[in-house]
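Please look over this entry with me. My notes follow as numbered points.

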Amino acid sequence: MASTCCRKIISVSLSKNSLGAYYGVIKRNVHDDKVRSKTYDIIIAGGGMVGTAMACCLGKNPKLSNHKILLLEESAEKTWELKPEYSNRVSALGSNSKAFLDSIGAWSHIEQSRFKEVKKMQVWDAFSEAVITFNDENLKDDIAYIVENDVCMSAINKQLKESKGPVETVYKAKIKSLNLPSKTDYSKTGSVKVQLEDGTVYTCNLLIGADGANSRVRSAMGVNYLSWNYGQMGVVATLQLSEPTSNIVAWQRFLPSGPIALLPLTDELSSLVWSTSTEDAKLLLGLDSESFVDYVNEALWKQYPIEKPVEAITKNLSSLLHNIFGPTAAAGARQLPPSIKSVVEGSRAAFPLGFGHSTKYVGPGVALIGDSAHRVHPLAGMGVNLGFGDVDCLQKKVAEAIYSGSEIGNSQYLLEYETERQRHNFPRMVFIDALHKLYGTSFMPVVLLRSVGLQLTDALTPLKKIIMKQAGA
Ligand SMILES: Cc1cc2nc3c(=O)[nH]c(=O)nc-3n(C[C@H](O)[C@H](O)[C@H](O)COP(=O)(O)OP(=O)(O)OC[C@H]3O[C@@H](n4cnc5c(N)ncnc54)[C@H](O)[C@@H]3O)c2cc1C
């Protein structure tokens, strides 16, 4: 590196490729050897699971091999070494996410690392005997995969590096300002400007916001963002089961304070996601290990008083369903959840929970993906699954735009992306939010209504199959 202290511009080089995009260093500073301004076709802001998957996907697409792509990540680069202890941040990935990760070559890395198949899921209500079991009759099929977020990130990053595609990555990239074309001017591509705090300026045709729930890209778009906080936190931890089991079931119990879920990691370990009030979450984090385990066991096992009408109606419905559909339809055919022996030291943490949906996913020269576009309660384990769906859809639209000879940020393709994904995401988000509200009360008529609904759904295997298929997204 040059050691001279004078700040002198030593080169101005611009080249143009066959598709007309300008690349290259246009100013180079001898003092710190930093590139001051560069042009890319696509910039992705945010290198979480979704943004990195987007970069990987675009980088691997042969239609984009002549294009330059930049991934900007605010935090420092991490070395993704597999530690012996399990991370407390895991995601339940559906079959569509598995297929997507497979399509970018990342799933084989996950397989070589570690993950756990979920073969069955049991969801039950603390205030009634109502229970629903998914995949009860067929334990051969996987219904989800529990993957540590770090393992997922490591796998996608490996593919990104191995693909040697046209993607550059800049870490510690703190965005200072964003200049987007005016809201209505879809003709002005190429005029997106991203300035970092270190002074570097990047321009591009398409900026993809993958910068999470507090997205700066979304703010710069000036779109309406429908959002609220649940006043809850998701307490996570790695738990040791009292007895080793085949541990293939994902458990979720709806308590009045929020759902508690156990996701299998190994025969002896499960991952906890316990959504509860912010106050209780703080209390749970401050408890000694033994008391924390007592609280978890109580949340899974405690018998709440069941109101007489709820008990009578659900019992009668149960025997009616038993007569019509046979024994599998009888409510109360629930399996007992495992009990917990201990919590892995240092594995407890809590994350605020909220709902958020951007009314627009796209604007001139810009698109949102993942949590920057939508944020959901973790009770259905859908957040990153929806994000991977966005990536898959947007990369196809970008490739279609190029194939048809249009510009990368062509409005028609961006709007198609928005329509497809909003139609897919929004109904699921509303459903998750409704479930959260429905189970957030112990008011008898509501308990009765949801218990009857759960029993009926449990009895209708084709309906459960549809739900599982939709949840795989
Ligand atoms: C307790 C809990 C449990 C969950 N369980 C599940 C589950 O089982 N299944 C599931 O599908 N989902 C689950 N989720 C949701 C899932 O974790 C999120 O949907 C997912 O992490 C979102 O990924 P993302 O890449 O869009 O955003 P993020 O993970 O928020 O990543 C954003 C990235 O952008 C970077 N960044 C931010 N601002 C900037 C900037 N200005 N410039 C550059 N970089 C920036 C950040 O450093 C970060 O790396 C859960 C969430 C919680 C809280």
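1. Which helix holds D294? D294 sits in helix α7, residues 289–301. Helices here are DSSP runs (H or I, at least four residues) and strands are runs of E (at least two), numbered from the N terminus.

2. This is a predicted model, where local features need pLDDT of at least 70, side-chain atom pairs count only at pLDDT 80 or more, and totals for chains, interfaces and linings use all residues. Residues are numbered from 1 along each chain as its sequence is written, and side-chain values use heavy atoms, with hydrogens and water left out.

3. D294 also belongs to a negative surface patch, together with D288, E290 and E298. Patch residues have over 30% relative accessible area and no salt bridge, and like charges are joined within 9 Å.

4. A92 places a backbone N or O atom 2.8 Å from a ligand oxygen. For E74, a polar backbone atom is 3.2 Å from a ligand nitrogen. The protein covers 83% of the 1,000 Å² of accessible area that the ligand has on its own (Shrake-Rupley method, 1.4 Å probe).

5. The whole structure has 13 salt bridges (a Lys or Arg side-chain nitrogen within 4 Å of an Asp or Glu carboxyl oxygen). One joins E168 and K38, with the closest N and O atoms 3.1 Å apart. E168 is in strand β10 (167–170) and K38 in strand β3 (37–45), so the pair ties together parts 130 residues apart in sequence.

How values were computed: Patches are made of residues with over 30% relative accessible area and no salt bridge: like charges are joined within 9 Å, nonpolar side chains (Val, Leu, Ile, Met, Phe, Trp, Tyr) within 5 Å. Lys and Arg count as positive and Asp and Glu as negative; His and the chain ends are not counted. The place of a charge is taken as NZ of Lys, CZ of Arg, CG of Asp or CD of Glu. A polar contact is a pair of N or O atoms within 3.5 Å; within protein, one must be able to donate a hydrogen and the other to accept it, and residues adjacent in sequence count only if both atoms are side-chain atoms.
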